[in-house]
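Thank you for making time for this one. I would like to walk through the model on the screen, starting with a question and then working back to the fold around it.

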Amino acid sequence: MKKNMGKIDSIIRIVFGIILAYLFYNNYVSNTLGILLLSVSGVLVITGLMGWCPVYTLFDVETCQIKNKLDKES
């Protein structure tokens, strides 16, 4: 998997993921909505740390500024 997210995009995803987890763990949201938001926060943090988003791949979006060497040769 090549990275398709820039640093700012990754940081925003991680921060939103942490905020959503904080809301769940401090009982601001609960029940089904809380579990849903906790799942979304996990996905945001994981994709932010990996630097790769599967939705970006589907729509051929790339916010990463650095191109791989293999892309330049193609």
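How do the residues of the lining of the largest pocket divide into nonpolar, polar and charged? Before I answer, please keep in mind that this is a predicted model. The lining divides into 5 nonpolar, 5 polar and 2 charged residues. The pocket itself has a volume of about 180 Å³, and of the 12 residues that line it, the closest to its centre are Lys 3, Met 5, Gly 6, Lys 7 and Cys 64. Helix 1 and helix 2 each supply at least two residues of that lining, and the largest share, 3 residues, comes from helix 2.

Let me step back to the overall fold. The protein has 4 helices and 0 strands, so that, read from the N terminus on, the elements run α-α-α-α. Of its 74 residues, 28% count as buried. If we take the contacts between residues at least 6 apart in sequence, 76% of them join residues at least 24 apart.

Now to helix 2, which covers residues 31-50. It has 20 residues and reaches 29 Å from its first C-alpha to its last, which is close to the 28 Å expected at 1.5 Å a residue. Its buried residues are Gly 34, Leu 37, Ser 41, Leu 44, Thr 47 and Gly 48. Seen down the axis of helix 2, these buried residues fall within an arc of 160 degrees, and they therefore line one face of the helix. What do they pack against? The buried residues of helix 2 pack against helix 1, residues 7-25, and helix 3, residues 54-58. On the other side of helix 2, by contrast, Thr 32, Ile 35, Leu 36, Val 43, Ile 46 and Leu 49 are exposed. After the helix comes Gly 51, whose phi is positive, near 80 degrees.

Is Thr 47 buried or exposed? With a relative accessible area of 9%, Thr 47 counts as buried, because the cut-off for that term is under 20%. Leaving aside its neighbours within four places in sequence, Thr 47 is in contact with Met 5, Arg 13, Trp 52 and Pro 54.

Key:
Residues numbered from 1 in each chain as written. Predicted model: local features only at pLDDT ≥ 70, side-chain atom pairs only at ≥ 80, totals over all residues. Heavy atoms only, no water. Expected span 1.5 Å × (residues − 1). Buried < 20%, exposed > 50% of the residue type's maximum accessible area, 1.4 Å probe, protein only. Arc of directions from axis to C-beta. Contact = heavy atoms within 4.5 Å. 1 Å grid on protein atoms, 1.4 Å probe; cavity = no way out; pocket = protein on both sides within 12 Å on 5 of 7 lines; lining within 4 Å. Points joined across faces, edges and corners; volume = space filled by probe spheres on them. Nonpolar A, V, L, I, M, F, W, Y, C, P; charged D, E, K, R; others polar.
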